[in-house]
Amino acid sequence: GQQAALDAIIEPGTGKAVCVTGEAGTGKSVVLREARVRVPCAVGAPTGLAASVIRGATIHSLFGFKPGPLDNQIGPLDDRKADVFLSPGVKLALDEISMVRADLLDAMDQTLRMTLYDERPFGGVPMVAFGDPFQIEPVVTNLEMSWLYGKYQSPYFFDSAVWQELKPRQMSLSHIFRQDNEEFQRALNHTRRGDPRGLEVLNSRVTNDRFWYTLT
């Protein structure tokens, strides 16, 4: 599965999009690390912590966005930031895509179209997304709620206009490498889907003892 995802990402061509999904521990970050070795990538993530894990930049830093509404911030990138996307064969790689709001993804798309004078999605820069929509959801404040739902079906990345236009190829990883205890894997998968059957296994690990290695 990892090899198939990697092959799809490094396949030459312009404007192609790939979305690599899968539950925790299936190796999405492994594929991202290997992809950036094979092809030049501008790597972004929605938060500073997520960006540091993949040795990338926050999306706001990569595109020069400031906190707050994005509508009045969309415009061509300055020369230094534009140079990143003018590199031959560069791809835009986004990690933790589940946290990327629809309006942020559309703002990135419009910015690159204006910067590169190209009306294809993301200005013709191939986009690769990594993440699990079952995990952390986009952050929407109460003040933003009515505006966002007035424009989008949901705040999730897959309801953005550019995602609907691109229709990325979906690559789902299924083999879990992080742990080999099948009972624990099933409990995590049940919890991931909101199925309470995993609770019995998880609650069996609960203790009042406090040791340095105890997960709290």
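Modeller: Start with tyrosine 117, which counts as exposed at 77% relative accessibility. Bear in mind that this is a predicted model.

Biologist: Why is tyrosine 117 called exposed?

Modeller: Exposed means over 50% relative accessible area. Tyrosine 117 has 77%, so the label applies. Tyrosine 117 sits in the loop between helix H6 (102-116) and S5.

Biologist: What makes the phi of tyrosine 117 worth a remark?

Modeller: Phi of tyrosine 117 is near 50°, a positive value in a residue other than glycine. Most residues other than glycine have a negative phi. Phenylalanine 122 also has a positive phi, near 55°.

Biologist: Where is phenylalanine 122, and is phenylalanine 122 buried or exposed?

Modeller: Phenylalanine 122 lies in the loop between H6 and S5. Its relative accessibility is 1%. Buried means under 20%, so phenylalanine 122 counts as buried.

Biologist: What label does aspartate 78 get for its accessible area?

Modeller: Aspartate 78 has a relative accessible area of 41%. That falls between the 20% and 50% cut-offs, so aspartate 78 is partly exposed. Aspartate 78 lies in the loop between helix H4 (59-63) and helix H5 (79-86). Phenylalanine 63 is 15 residues away from aspartate 78 along the chain, and their C-alpha atoms are separated by 9.2 Å.

Biologist: Let us turn to the sheet. What is the order of its strands?

Modeller: The order is S3-S2-S4-S5-S1-S6. The six strands form an open sheet, and the pairing is parallel.

Biologist: Why are strand S3 (57-58) and strand S6 (169-173) said to stand at the edges?

Modeller: Each has a single partner strand, so one side of each is left without a neighbour in the sheet.

Biologist: How do you know that S3 pairs with strand S2 (residues 41-45)?

Modeller: Strands pair when there are at least two bridges between them. S2 and S3 have two bridges, so they count as paired, in the parallel sense. Glycine 44 has alanine 57 in S3 as its bridge partner.

Biologist: What joins S1 to S5 and to S6?

Modeller: S1 pairs with S5 over four bridges, in the parallel sense. Five bridges join S1 to S6, and these strands run parallel. Valine 20 stands opposite phenylalanine 130 in S5. Glycine 22 stands opposite leucine 173 in S6.

Biologist: Why is S1 called largely enclosed?

Modeller: Six of the six residues of S1 are buried, so S1 is largely enclosed by the rest of the structure. Both faces of S1 are covered. Ala17, Cys19 and Thr21 are buried on one side, and Val18, Val20 and Gly22 on the other.

Biologist: How do you know that threonine 21 is buried?

Modeller: Its relative accessibility is 14%. The cut-off is under 20%, so threonine 21 counts as buried. Threonine 21 is found in strand S1 (residues 17-22). It touches residues including Lys28, Gly131, Pro133 and Gln170, not counting residues up to four places away in sequence.

Biologist: Which strands does helix H1 (residues 2-10) lie across?

Modeller: H1 lies across S1, strand S4 (91-94), strand S5 (127-130) and S6. H1 runs at about 155° to S6.

Biologist: How is the packing of two helices described?

Modeller: By the angle between their axes and the distance between the axes. The axes of H1 and helix H2 (residues 28-38) come within 10 Å and cross at roughly 35°. The crossing is right-handed.

Biologist: Which residues meet there?

Modeller: Gln2, Ala5, Leu6, Ile9 and Ile10 in H1 meet Val30, Val31, Glu34, Ala35 and Arg38 in H2. By class, this contact has seven nonpolar, one polar and two charged residues.

Biologist: Now the whole chain. How many helices and strands does the chain have?

Modeller: The chain has ten helices and six strands.

Biologist: What makes the chain as compact as a globular protein of its length?

Modeller: The radius of gyration is 19 Å. The globule rule gives 17 Å for 216 residues, and the two values are close, so the chain is as compact as a globular protein of that length. Along its principal axes, the C-alpha trace spans about 60 × 40 × 30 Å.

Biologist: What share of the chain is buried?

Modeller: Buried residues make up 45% of the 216 residues.

Terms used: Residues numbered from 1 in each chain as written. Predicted model: local features only at pLDDT ≥ 70, side-chain atom pairs only at ≥ 80, totals over all residues. Heavy atoms only, no water. Buried < 20%, exposed > 50% of the residue type's maximum accessible area, 1.4 Å probe, protein only. Contact = heavy atoms within 4.5 Å. Axes fitted to C-alpha atoms, helices over the stretch in contact; angles between N-to-C directions. Left-handed = near helix turned anticlockwise from the far one by under 90°. Nonpolar A, V, L, I, M, F, W, Y, C, P; charged D, E, K, R; others polar. Rg over C-alpha atoms; globule rule 2.2 N^0.38 Å.
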